[in-house]
Amino acid sequence: MSNDDEFYDAVTGLDSDESYEGVSEASFKDATVLDYGSQAKNGSVTRDKKHRTMLPAPMFSRNSVSIWSILKKCIGLELSKITMPTAFNEPLSFLQRISEYMEHTYLLSRACALPDSIQRMQAVAAFAVSAVASQWDRTGKPFNPLLGETYELTREDQGYRLVSEQVSHHPPVSAFHAESLAGDFVFHGSIYPKLKFWGKSVEAEPKGTITLELLKHNEAYTWSNPFCCVHNIILGSLWIEQYGTVEILNHSTGDKCVLNFKSCGMFGKELHRVEGYIQDKSKRKHCVIYGKWTECMWSVDPQTYENHRKAEKKGESRKHRQEETERRENDDSDDMPEVQDTVSVIPGSTLLWRIESRPPHSTTMYNFTNFAMSLNEMEPGMEATLPLTDCRRRPDIRAMENGLMDEASQEKERLEQKQREARKERAKSLDEWTTRWFQQGTNPYTGSQDWLYTGGYFNRNYAALPNIY
């Protein structure tokens, strides 16, 4: 097979079925928990429509496949043209993976309903963190979208609809546009992850701007995702850390949220932790945000936070400091740090978001969340309305979902070859590829290059769409 397909790395993480079991009742005694209710109108996720909660077949074992034979020549290079065995995939396209940003959309509905800009920023910050939470423990890589591939997702129970399109193949760029059915918000962006292999790990540098518009408040927020690093690609247990500074800017008010996704450090104490603050345009800090991207996020008054940190440092035991200095390095693999106790809730804190438990059978189904389980479902009536380019129609993904690995590999190779041949034909005839639902332009808030939705997708006029499958 040729190396002409982009490698979209799936970020992996740590399992934490006990996300909140470690938080004692005392931890919550002086904390505020925001109850978003059970209706979409007040910002929560309703469960009126039933979606599937299992895949048709369990995942295939990857133990017999060596990734080292593929990656050993790529140390220090960008992973832009590498074909991976199907065994390392998960039965979703990267376009479907992007749609997982929308799992906690109730936070956007919540932001729309809040009267204060600082409170709205808290909800937006929680949403930005929650958007990367689905990556936790996802060791399979999504299928590379074919040029012109699309995906749509309409969730009336959660009050939004989304459309995405693979708008470029070299470099690989995926564009998406989501909008509230009630006209409350628009959420859009284009994603181009730059990946490098460092021998033991793969690092993903975030590329692309994410934009959220709260229409009622005439506000626009922009940010980019944190870096991801997947450890032990060759040997040992896969684990992930996300790190880097994420700045969320409200272009209307000047409010800013600065979030520090912490790397695990030498001793793993900071694994999964996120800390930051919200300030207004005069740089006055209004609150501190803290938690774990795998569990929950809280907000507290800055002075209360500082007092708690000072008391916490005084209470550190000498034994713990001694254990840290005696830690030994492992030459064969980057040992996964021991998962520390769950988030210690500071009295007076307000809960902004917490992750939902994954289904009991998640570990046998690619560690999917309940939300991810439903993304490739072909619901009754869909086949008659979806365009021919929708991910749900991809035969390789469908075969893998059904546990037919040989068929999935054959179909994947066929589709890749078909895409190469189509590209050669366009080159011969001097035809340029034309995107259907997005066009390249300038982000009106950042001034940077972006892919903007041109509209019309939901009019269901799908004439002259390319035959990519």
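Visitor: What is the bridge partner of A175 in strand 7?
Guide: That is S190. Keep in mind that this is a predicted model.

Visitor: And which residue of strand 6 is the bridge partner of E165?
Guide: A175 again; E165 bridges to A175 in strand 6.

Visitor: In what sense do strand 5 and strand 6 pair, and over how many bridges?
Guide: Strand 5, residues 160–168, pairs with strand 6 in the antiparallel sense, over eight bridges. The two form a hairpin, with four residues between them.

Visitor: How many bridges are there between strand 6 and strand 7?
Guide: Six, also in the antiparallel sense, with strand 7 covering residues 185–191. Strand 6 and strand 7 form a hairpin with four residues between them, and in that turn G183 has a positive phi of about 80°.

Visitor: Why is strand 6 described as largely enclosed?
Guide: Because eight of its eight residues, 173–180, are buried, strand 6 is largely enclosed by the rest of the structure. Buried here means under 20% relative accessible area.

Visitor: Which residues sit on each side of strand 6?
Guide: V173, A175, H177 and E179 are on one side, and S174, F176, A178 and S180 are on the other; all are buried, which leaves both faces covered.

Visitor: Switching to helix 5. How many of its residues are buried?
Guide: 13 of the 14, so helix 5 is mostly covered. Helix 5 runs over residues 117–130 and reaches 20 Å from first C-alpha to last, close to the 20 Å expected at 1.5 Å a residue.

Visitor: What does D116 do at the start of helix 5?
Guide: A side-chain oxygen of D116 reaches to within 3.0 Å of the backbone nitrogen of I118.

How values were computed:
Residues are numbered from 1 along each chain as its sequence is written. This is a predicted model: local features need pLDDT of at least 70, side-chain atom pairs count only at pLDDT 80 or more; totals for chains, interfaces and linings use all residues. Side-chain values use heavy atoms; hydrogens and water are left out. Buried means under 20% relative accessible area, exposed over 50%, partly exposed in between (1.4 Å probe, protein chains only). Two strands pair if DSSP finds at least two bridges between them. The expected span of a helix is 1.5 Å times one less than its number of residues. A polar contact is a pair of N or O atoms within 3.5 Å; within protein, one must be able to donate a hydrogen and the other to accept it, and residues adjacent in sequence count only if both atoms are side-chain atoms.
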